[in-house]
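Please open the model in your viewer and keep the selection tool at hand. We will go from stop to stop, and at each one you will be told what to select and what is there.

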Amino acid sequence: MTLTKVQKELVSIAAAVVALSITATALATEVAIVVQRDRQFQSKIVNISVGDTVRFTNEDPFVHQLYARSSSFSFSSEAQPRGKVLSVPFPVAGTFEIRCEIHPKMLVTVNVR
Ligand SMILES: [Cu+2]
């Protein structure tokens, strides 16, 4: 069987679509980890892409409680005891300051591009 010119173009378009969707899936599942220890975030700046998740761990023997408040993105976590992991997806681009309700000096900046 011989493919016509149109059929060949359709095959190459289909291959390109498959390649694009594989790339999109890989990009959407990135996770960055930020450790909380000694009443501090162990990272001061985190650079991620839209759709990525930041996973906050707590290695302190006491509770943290994280939040972000901006016009385009905000969240407010439950109290987070030692060992509990908090996963926060960032669905929009921007620069966001993440802070702790209990320890006002804690700050990590998340840049979402
Ligand atoms: Cu805290």
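Begin by selecting Glu59, which in this predicted model lies in the loop between strand 4 (53-58) and strand 5 (66-69). Is Glu59 buried or exposed? Glu59 is exposed, because 11 other C-beta atoms lie within 10 Å, and a residue counts as exposed if that number is 12 or fewer.

Next, select the largest nonpolar core, which has eleven residues, among them Phe41, Val54, Phe56, Phe96 and Val110. Strand 4, strand 8 (94-100) and strand 9 (107-112) each supply at least two residues of this core. In soluble globular proteins, nonpolar side chains tend to be buried together.

Finally, show the strands and look for the open sheet of five, which follow the order 3-9-8-5-6 with mixed pairing. At its edges are strand 3 (45-48) and strand 6 (74-76), each of which pairs on one side only, while neighbouring strands of this sheet are turned by 25° against each other on average, direction ignored. Within the sheet, select strand 8 and strand 9, which pair in the antiparallel sense over six bridges, and then find Arg99, which stands opposite Leu107 in strand 9.

Terms used:
Residues are numbered from 1 along each chain as its sequence is written. This is a predicted model: local features need pLDDT of at least 70, side-chain atom pairs count only at pLDDT 80 or more; totals for chains, interfaces and linings use all residues. Helices (H or I, at least four residues) and strands (E, at least two) are DSSP runs, numbered from the N terminus. A residue is buried if 20 or more other C-beta atoms lie within 10 Å of its own, exposed if 12 or fewer, and partly exposed in between; C-beta atoms are placed from the backbone. A nonpolar core is a set of buried Ala, Val, Leu, Ile, Met, Phe, Trp, Tyr and Cys residues joined through C-beta atoms within 7 Å. Two strands pair if DSSP finds at least two bridges between them. Axes are lines fitted to C-alpha atoms, for helices over the stretch in contact, and angles run from 0 to 180 degrees between N-to-C directions.
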